[in-house]
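Please have the sequence and the 3D structure open while reading this note. Each point can be checked on its own.

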Amino acid sequence: TFTVSKAEEKPAQRFPAPPFTTSTLQQEAGRKLGMSVSQTMSVAQHLYEQGLITYMRTDSVNLSKQALAQCKEEITKLYGEKYSSWHNYKTKTKGAQEAHEAIRPTAISRIPLDIKDQLPRDLFRLYQLIWKRFTASRMQAAKYETVSVKIGAGEQIFTVASSKLLFDGFMSVYTQEDEEQEENNLLAGSLSKDTKLTFEEFEEKQHFTQPPAHYTEASLVRELEELGIGRPSTYAPTITTIMARHYVVKENKNLFVTELGEVVNNMMQEAFPAIVDVNFTANLETLLDGVGEGKVNWKTVVSNFYPDLDEAVKKAEQDLAKVQIADEESDEVCEHCGRKMVIKYGPHGKFLACPGFPECRNTKPYFEKIGVACPKCGKDIVIKKTKKGRKYYGCIGNPDCDFMVWQKPSAEKCPKCGSMMLQKGNKLVCMNEECGFIK
């Protein structure tokens, strides 16, 4: 028999997150808007230049008294007095300089929807995110009623919990990923001690320990911040640089280390172990802060560091061998000399080049194939980009074949009409609009 041995109801609260700093804005824009770190900073720069937000390179969560007063007035006007609140946030970043306020709208009365028609899409989306986060940070906590139930069955005890939202508070404006969950309130008030329950079925689940996930740009920014590496202004250039030099590549938001990145990293660890140590940058930042405050003599810092570096560089120049990264061979054949072309990296990304250089100087654009044939001519469909950098899928036979679509084509054909299926989110949709089949 299954009997309720304990049923406990408790009130609970969920407090809003602080207003954005540079790193939290980059992380949240990546998660919610799908923006890269450099794109986020570029869009935020435009918003700042237009006078819509405060300075976007900051590690502080402080807010001016004037902003707080305006925020309270606007929240009361839009949502009612019971939604307005005051929270004291503390900066958690190690070595934060707090030279600026948190990132916030310059005037909270400038509601996003009121200026939507005046802003390009990306500027509007980021402004709306900043406005909502700032507004929510000055609102009441969300209030819940939680129910915890213990169910006895012989010697075994099973537990189940649920929560019911009583007052949405700040969640009426802004929710984070971990807050966007379905609530189960079936138990609230319906179970009491010694209630007999009817057993229906067991749902068996097995979980295995997973390895750490690959970094995304957002999670890498969080790691840099936690380790004290860099300042708010350096997160975006750091990530842009390691991608531009092809030390890492980005695939489906994840960052993967390339062969070149592995080689460079191993060489740096061998020749300069003290510099590539994760604590080096954070310790140097602390020393430089001491110089700025007049507590440490800059000559002492340099004299302690430079001789060892000079010696390590000279040793590396003698000992480190030159490393040749083999070019990746493609299946494209050079029409001038018949050799198989290789994939090379240039300032604008990958391109195909003939390995017979300098005798043969043939080059052509590199297009990544997706393994699907063009429905018009049967040639390969490849990934392409517009002049503005927007990705689309087109036939490699262009300009002879003009097939192109914005969504990724699938190798699976429509079972209803035989047309090509396109990937839209987690669905496959028939590209024949008259058919309309969705899987």
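The points below go through helix packing, salt bridges, a surface patch and some backbone details of a predicted model.

1. Helix packing. Two packed helices are described by the angle between their axes and the distance between the axes. Here helix α2 (residues 37-49) packs against helix α4 (residues 121-137) at an angle of about 85 degrees, and the axes are 9 Å apart. The two helices, α2 and α4, are therefore roughly perpendicular. On the α2 side the contact is made by Q39, T40, V43, A44, H46 and L47. On the α4 side it is made by D122, L123, L126, Y127 and I130.

2. A residue at this contact. T40 belongs to helix α2. Is T40 buried or exposed? Its relative accessibility is 0%, so T40 counts as buried. Leaving aside residues up to four places away in sequence, T40 touches L25, Q26, A29, M35 and L126. L126 is also among the α4 residues that contact α2.

3. Salt bridge within a helix. The structure holds 17 salt bridges. One of them joins E28 and R31, with the closest N and O atoms 2.8 Å apart. Both residues lie in helix α1 (residues 22-33), 3 residues apart, which is about one turn of the helix. E28 has a relative accessible area of 2% and is therefore buried. R31, with 33%, is partly exposed.

4. A second pair. R104 forms a salt bridge with E101, and the closest N and O atoms are 2.8 Å apart. R104 counts as buried because its relative accessibility is 8%. E101 is at 23% and so counts as partly exposed. The cut-off that separates these two classes is 20%.

5. Salt bridge between distant parts of the chain. K364 forms a salt bridge with E335, the closest N and O atoms being 3.1 Å apart. K364 is in strand β10 (residues 363-365), while E335 is in the loop between β7 (328-333) and β8 (340-346); the two are 29 residues apart and link distant parts of the chain. K364 is partly exposed, with a relative accessible area of 22%. E335 counts as exposed at 54% relative accessibility. Both residues are in a network of salt bridges that also links E332, K369 and D380.

6. Surface patch. Which residues form a nonpolar patch on the surface? They are W298, V302, F305 and Y306, and together they have about 420 Å² of accessible area. W298 is in helix α10 (residues 298-319). With a relative accessible area of 53%, W298 is exposed.

7. Cis peptide bonds. The peptide bond from F357 to P358 is cis, with omega near 10 degrees. P358 sits in the loop between β9 (349-353) and β10. N398 and P399 are also joined by a cis peptide bond, with omega about 15 degrees. P399 is in the loop between β13 (391-395) and β14 (404-405).

8. Positive phi. D194 is not a glycine, yet it has a positive phi of about 70 degrees. This residue, D194, is in the loop between β3 (156-167) and β4 (196-197). H246, also not a glycine, has a positive phi of about 65 degrees. H246 lies in the loop between α6 (235-244) and β5 (248-251). Its relative accessible area is 17%, so H246 is buried.

Definitions and conventions
Residues numbered from 1 in each chain as written. Predicted model: local features only at pLDDT ≥ 70, side-chain atom pairs only at ≥ 80, totals over all residues. Heavy atoms only, no water. Patch = residues over 30% accessible without salt bridge, like charges linked within 9 Å, V, L, I, M, F, W, Y side chains within 5 Å. Areas by Shrake-Rupley, 256 points an atom, 1.4 Å probe, with all protein chains shown as cover. Salt bridge = Lys/Arg side-chain N within 4 Å of Asp/Glu carboxyl O. Helix = DSSP H or I, 4+ residues; strand = E, 2+ residues; numbered from the N terminus. Buried < 20%, exposed > 50% of the residue type's maximum accessible area, 1.4 Å probe, protein only. Contact = heavy atoms within 4.5 Å. Axes fitted to C-alpha atoms, helices over the stretch in contact; angles between N-to-C directions. Parallel < 35°, antiparallel > 145°, perpendicular 65-115°, else oblique.
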